[in-house]
Amino acid sequence: MKKFIRKLILLIILLDLILSYSIIQPQVYAELVRETLESKYSLADIIPENTKIRNQMQTPWCIDFASLATLETTLGMQDRYLDNTAKEYDFSEEHMAYSTQDSSFKDEKTNKMGLHKNVNEGSTIIAIQEYFTNGMGVVSEKDYPFDNSTGNIDISKLNKPIAATVLDTFMFPQLSIKSTTEFSSDKISDLIMEMKSYIKNYGGITATLATGGANKNKYINWSNNSLNNPENISIRSLDHAVCIIGWDDNYSKDNFNTNYKPKNNGAWIVKNSWGNIVELGDINKLKEEVFNQSDESIRKQYNINSSNDITDEILIYVLKELFTGLTNIRIVNGVAYGDRDSQSSYMYISYETPSIYLNNMGVTRAELGKNYDNLYQYDEFGPTKRINITNTSVYMANVFKRDSSKNEKLTRVSIYSPKMQEYQIYVNPNNSNKTSKDIKQVSVNGNKKTVILDSGFHTLELDEPLELTGDSFVVVVKASNNNNDDSQISVETKCSSEEDPEGLLFNVEVGAGQSFFSIDDNLKENNWTDMLNLKLSDGTAIPSNANIKAYTKEYTKENENNNNTAENNTAENNTTKNNTAENNTAENNTTENSTTKNNTTEYNIIEENAIKEQNRTIDNTYVNNNSKNNNTVGTSKTNSENNNSNYEKNSTKSDLDAIQTKLKNNKYVTTSPNLMQTSASGKDLTVATKKIPQTGENRAILYVIIFISIIASVLFIKYYKINKIMKS
């Protein structure tokens, strides 16, 4: 009996210590894991039909080719997870290029949903988030084929059926160093591991980099199609975009140019957009280089006194010796070209090229077609700023106006998350009131009241579509951090001339009564701040739109009574309005075609004088864009009919659920929702499923444990004394 009591007391003390330690220790969202990865991996071996090399030719549209390649590989990997028959996806880069700028149209028409630039001026990485999320794209290549032309077009040409919808993206942590002297592979080893795991599980990564521009021949070994540029790291030096599709840890450092060999082996495998044909350059410049680099004996042997003495035949011979990886070197119209086979067309970029880690983005979830009728939004350009809120939680709200004669149900809400945070969604489907009594929390993504989202664009599915009854409705997003950090929100706002020196955000519009924010104490008193009047702590005014979008489906009462949901209605019962160029010109956007009734601009595209063309080079500076005051985005009856049919055939909700089920053990998939997670430092993480106790819960449990500890200690001391006396 004595031994039993002794063991019982020791067990209580041991449990007490374990529980005390687990409660007192700070609670975390995630834990570190490491995934064993192959030394070489390429999507070209896994989904070859979706890694074909394409050619941007003379266009400056590398960012369009890179980002659409990323989407194509994501859909290809989804098919693989679903055991679907392999299918080639091919989306229109030219449609994306024209849809994301404002001035390359005939009859002096302007696309107000575009960046303030001409289609000849290249693009930026912000064009990706704009095009992927504002309802203008994505369209099929067959509906808008590439023709290598950058002239002005009829704006109605942009009206094409939506072929795919991006649901979720992920923004990788940015490299924080400012100079190449600080750069080392050790500092980015975690980011490299994260990128590898992402590629293996989701698909390609859109990446911008510095090739060196006019001096790129210094850094590119054309024979091996390899690049190492250790010298350029600033965002302003970025001049190209590619899609990373794999890696090779053993790729030899000797495969790079002699003067720019990396310190170690290893390279990213990249799908470029320069085609299988390599442009070596103007033959006169090449002849000058050959002459300058040849020694005196060679010049005498071939009787060459100047570059003019080098014949085309001699030049081709020299180029074949220099570029052993190329075949069929030839001269066309004064330019030398060479060909590659399909495998050697993939480019290798050294791990030690720092610029490739500055702006990386992936698509984690997408579906075919368009599974909504109307898109309500103010932020057509996406997030332009991240704002710290000195509070652990913050509320953002968008008040959307609608046509109350329509029968609509809210089915989805999307947001931009600036960092890993918890989110909750609240809705008032009846009117514009934002009191705590009027807004009701909705469950999303499989009966979840709270979801954890990382940096990127995310779409949340309402578990039960919510009927909208009034002429306006409210969507509220609560962002929280339970680790005592400040919350962050992303907003659409015009940036300063320093942040946006080229004025790309010229078309941003912010109106009163649209977007609001509040914190807990203020919300209790229905105290909201109109984000038109938003100011930073230093007094800087930043009138903004909240990055919140709402998706609805239309239905008829007759079908509703017959137990048919809006999702099963025919196109005739779901006639929707087109948000693309033709139906949003001033002539075509009548009251019938727009549900927005406020006094701000009702049209996505208006007729006005064309913007004067300016000479801009390709610039991938990360400047986010802003949206207009148009609330409703949809498609025409015919497009809706085709797209809903495609979606039901190719990518049903059960299919997407099946993808996530297969990925449930993957460290990028969270329990709420199924999205990729990473830490600010780029560590590989998996979300912990245990409940995170609140401060009050911790304190109460701790008091109980302390009480048990005191009782156990008293019993132990008492027992110890009694035992000692008995022994004596």
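A crossing is left-handed if the near helix is turned anticlockwise from the far one by less than a right angle, and right-handed if clockwise. The model here is predicted: local features need pLDDT of at least 70, side-chain atom pairs count only at pLDDT 80 or more, and totals for chains, interfaces and linings use all residues. Residues are numbered from 1 along each chain as its sequence is written, and side-chain values use heavy atoms, with hydrogens and water left out.

Start with α7 and α9. Helices (H or I, at least four residues) and strands (E, at least two) are DSSP runs, numbered from the N terminus. The crossing of α7 and α9 is left-handed. Two packed helices are described by the angle between their axes and the distance between the axes. Here the angle is about 70°, and the axes lie 11 Å apart. Axes are lines fitted to C-alpha atoms, for helices over the stretch in contact, and angles run from 0 to 180 degrees between N-to-C directions. The two helices, α7 and α9, are therefore roughly perpendicular (65 to 115 degrees). On the α7 side, I283, L286, K287 and V290 make the contacts (heavy atoms within 4.5 Å). Their partners in α9 are D312, L315, V318 and L319.

Now turn to the sheet. It is open, with three strands in the order β10-β12-β11 and antiparallel pairing. Two strands pair if DSSP finds at least two bridges between them. β10 (277-282) and β11 (327-332) are the edge strands, each pairing on one side only. From one strand to the next, the twist averages 20°. Four bridges join β11 to β12 (residues 335-339). Across this pair, R330 stands opposite Y337.

Helix α7 (residues 283-293) packs on β10, β11 and β12, at about 75° to the direction of β10. Helix α9 (residues 312-322) lies across β10, β11 and β12, at about 145° to β11.

What of the interior? A nonpolar core is a set of buried Ala, Val, Leu, Ile, Met, Phe, Trp, Tyr and Cys residues joined through side-chain atoms within 4.5 Å. The largest has 64 residues, and I244, W268, L280 and Y357 have the most contacts inside it. Helix α6 (residues 189-201) gives the largest share, six residues. Another core, of 36 residues, lies apart and includes F132 and M361.

Finish at S350, in strand β13 (residues 347-350). S350 counts as buried because its relative accessibility is 0% (buried means under 20% relative accessible area, with a 1.4 Å probe and protein chains only). Leaving aside neighbours within four places in sequence, S350 is in contact with residues including L227, F256 and W268.

Methods: Buried means under 20% relative accessible area, exposed over 50%, partly exposed in between (1.4 Å probe, protein chains only). Angles under 35 degrees count as roughly parallel, over 145 as roughly antiparallel, 65 to 115 as roughly perpendicular and the rest as oblique.
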